[in-house]
Amino acid sequence: MTTLPAVDTWFPGASCLLCLAAASASNSSLTDHARTLPREDLSALKVELAQRLAAKGINAQVIENDLDVKALPDAPNKGPNLADKDFSALQGKYGVDKIVVISLSNIGFERTYSAYFPTAEPKGAIQGVAYMIDLGSNEYDWYQPLSVRKAADGQWDEAPKFPGLTNAYFQAIELSKDEVLRPFSQ
């Protein structure tokens, strides 16, 4: 798993600096709340995945350290279904033939905008990607983009604790975990 980003808010569609400043200001209490929420349930995902694989008779190990994919060298070969980075050094380092990488880019709340104007209510949201690399060939065996959005049930604008949105946030985490684990459950 790569390093988890901080829990935060983001505002797609508020694309100019002034638009982004207006969106940030009007959602500042939600942003403050988001930054208090835990993300540890996502950290446990790699352990759950290893347990799923072990239940299928696959010898799986959890890599405790965060993986820095950007620090890996560029792959020597380019082509369809080949990773852009060279993962082959991880085969010797960890003694594995394949690696599943979970890389999350956004954790928290998303609220869409059209310039200065919100176009939807905020949603609990997780974005990222999960994939499996064959370390012998540097090919993708599996690739799953993650883009989970969960709206609050009922009222969302209940500052300062935002109970409806907080619940949606935790539901988005569970839905994201399900997306990653589903292919390994069959």
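I looked up Asn138 and found it buried, at 8% relative accessibility. My classes are buried under 20% relative accessible area, exposed over 50%, and partly exposed in between, with a 1.4 Å probe and protein chains only. This is a predicted model, so I kept its limits in mind: local features need pLDDT of at least 70, side-chain atom pairs count only at pLDDT 80 or more, and totals for chains, interfaces and linings use all residues. Residues are numbered from 1 along each chain as its sequence is written, and side-chain values use heavy atoms, with hydrogens and water left out.

Asn138 sits in the loop between strand 5 and strand 6. I took helices (H or I, at least four residues) and strands (E, at least two) as DSSP runs, numbered from the N terminus. The phi of Asn138 is positive, about 65°, although the residue is not a glycine. The hairpin of strand 5 and strand 6 has 4 residues between the strands.

Next I checked how the two strands pair. They run antiparallel and are joined by 12 bridges. Pairing here requires at least two DSSP bridges between two strands. Ile133 stands opposite Tyr140 in strand 6.

**Glu139**

I moved on to Glu139, which is in strand 6. Glu139 is partly exposed, with 35% relative accessibility. I listed its contacts, meaning heavy atoms within 4.5 Å. Leaving out residues up to four places away in sequence, Glu139 touches Asn81, Leu82, Met132, Ile133 and Asp134.

I placed Asn81 in the loop between helix 4 (45–55) and helix 5 (89–94). Its relative accessible area is 44%, so I class Asn81 as partly exposed.

Which order do the 4 strands of the open sheet take? I read 1-2-5-6, with mixed pairing. Strand 1 (7–10) and strand 6 (139–151) stand at the edges; each has a single partner strand, so one side of each lacks a neighbour in the sheet. The twist averages 25° from one strand to the next.

Strand 1 and strand 2 (residues 98–110) run parallel, and 4 bridges join them. I noted that Trp10 has Glu110 in strand 2 as its bridge partner. Helix 6 (residues 163–181) packs on the sheet and touches strand 1, strand 2, strand 5 (123–134) and strand 6. The direction of helix 6 makes about 160° with that of strand 6. I used lines fitted to C-alpha atoms as axes, for helices over the stretch in contact, with angles from 0 to 180 degrees between N-to-C directions.

Pro160 lies in the loop between strand 6 and helix 6.

**Salt bridges**

How many salt bridges does the whole structure hold? I found 8. The criterion is a side-chain nitrogen of Lys or Arg within 4 Å of a carboxyl oxygen of Asp or Glu.

I checked Lys85 and Asp74, whose side chains meet at 3.1 Å, N to O. Both lie in the loop between helix 4 and helix 5, so the pair ties together parts 11 residues apart in sequence. Asp74 is exposed at 54%.

Lys177 and Glu174 meet at 3.6 Å, N to O. They both lie in helix 6, 3 residues apart, about one turn of the helix. Lys177 is buried at 6%, whereas Glu174 is partly exposed at 35%. I traced a network of salt bridges that links Glu48, Glu174 and Lys177.

Asp153 and Lys150 form another salt bridge, at 3.7 Å, N to O. Asp153 is exposed at 54%, and Lys150 is partly exposed at 21%.

**Whole chain**

I counted 6 helices and 6 strands in the protein chain. The pattern along the sequence is β-α-α-α-α-α-β-β-β-β-β-α. The C-alpha trace spans about 50 × 35 × 25 Å along its principal axes. Of the 186 residues, 40% are buried.
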